[in-house]
Amino acid sequence: MELMRLKRRHALAVRGHKLLKDKQDELVRNFLEIIEETKKLRVQADNEIQSVFQSFSVAEGVVGGAAIESLFALPGAQTAIRSKTKTIMNLKTPKLEVEITGNPFEYGLQNSSVLVDRSVRKYGELLNTLLKLAELEKTSILLAEEIEKTRRRVNALEYILIPNITDTIHYITMKLSEMERSNLTRIKKVKAMIEKKKA
């Protein structure tokens, strides 16, 4: 009975090991894709940050710093960040969305300039890029942690549990074979004794 139970447990452990190994491979594939996407997005964010600063510097030079401050003293738009979740291989990862209410270009037109409008538009694009970058960074951290957990489970099954069960099955099988051989030998001796008595 113990041998049958161990054989079932062994089959379950082997199946679980295969599933976990497949999960680990898929997580690593997703992780590498996200890392590649993050690298590209970082370069894009750096370029956009430079562009925003240059744009605001030019606008400040043309319109004047005090005039720009007075333009943005009363904000025309409110920005909120909504956090949702999406799943990758049963792992919940963040999905960030920006929600803008109102008109970001709603400021005094008397001292305004096309340069200020361009700077505000570029800042909006930068905000979206930075949110996407933050989302990817957090996802990559969560994936790395999940890969590590899965790797530990795979290794525990591969190097500890499955070999232990295999050794125990081998030991029980040997003991049962030994018992069977000794029983056969005993039966043969008894049979020989009975035949000897009859003779």
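User: Where is Asn90 found?

Analyst: This is a predicted model, in which local features need pLDDT of at least 70, side-chain atom pairs count only at pLDDT 80 or more, and totals for chains, interfaces and linings use all residues. Residues are numbered from 1 along each chain as its sequence is written, and side-chain values use heavy atoms, with hydrogens and water left out. Helices (H or I, at least four residues) and strands (E, at least two) are DSSP runs, numbered from the N terminus. With elements named in that way, Asn90 is found in the loop between β1 and β2.

User: Is Asn90 buried or exposed?

Analyst: The terms rest on relative accessible area: buried is under 20%, exposed is over 50%, and partly exposed is in between (1.4 Å probe, protein chains only). Asn90 has a relative accessibility of 77%, so it counts as exposed.

User: What is the phi of Met89?

Analyst: Met89 also has its place in the loop between β1 and β2, and its relative accessible area of 34% makes it partly exposed. Although Met89 is not a glycine, its phi is positive, at about 50°.

User: How many bridges join strand β1 and strand β2?

Analyst: Two strands pair if DSSP finds at least two bridges between them. Strand β1 covers residues 77-88 and strand β2 covers residues 91-102. They form a hairpin with two residues between them. Their pairing is antiparallel, and the number of bridges is twelve.

User: Which residue in β2 is the bridge partner of Lys86?

Analyst: The pairing of the two strands can be followed residue by residue. Ile88, for example, stands opposite Leu91 in β2. For Lys86, the bridge partner in β2 is Thr93.

User: With which residues is Thr139 in contact, leaving aside its neighbours within four places in sequence?

Analyst: Thr139 is found in helix α3, which spans residues 114-198. At 2% relative accessibility, Thr139 counts as buried. Contact means heavy atoms within 4.5 Å. Leaving aside neighbours within four places in sequence, the contacts of Thr139 are Ile34, Ile88, Thr93 and Pro94.

User: What separates the C-alpha atoms of Thr87 and Leu136?

Analyst: Thr87 has its place in strand β1 and is exposed, with a relative accessible area of 56%. Along the chain, Thr87 and Leu136 are 49 residues apart. Their C-alpha atoms are separated by 13 Å.

User: Which pattern does the protein follow along the sequence?

Analyst: The secondary structure comes to three helices and two strands. Read along the sequence, these elements give the pattern α-α-β-β-α.

User: Why is the protein said to be more spread out than a compact globule?

Analyst: The radius of gyration is taken over C-alpha atoms, and the globule rule is 2.2 Å times the number of residues to the power 0.38. For 199 residues this rule gives 16 Å, and the protein is more spread out than a compact globule because its radius of gyration is well over that value, at 35 Å. The C-alpha atoms fill a box, taken along the principal axes, of roughly 130 × 25 × 15 Å.

User: What share of the 199 residues is buried?

Analyst: The accessible surface, from the Shrake-Rupley method with a 1.4 Å probe, comes to about 14100 Å², and 59% of it belongs to carbon and sulfur atoms. Among the 199 residues, the buried share is 27%.
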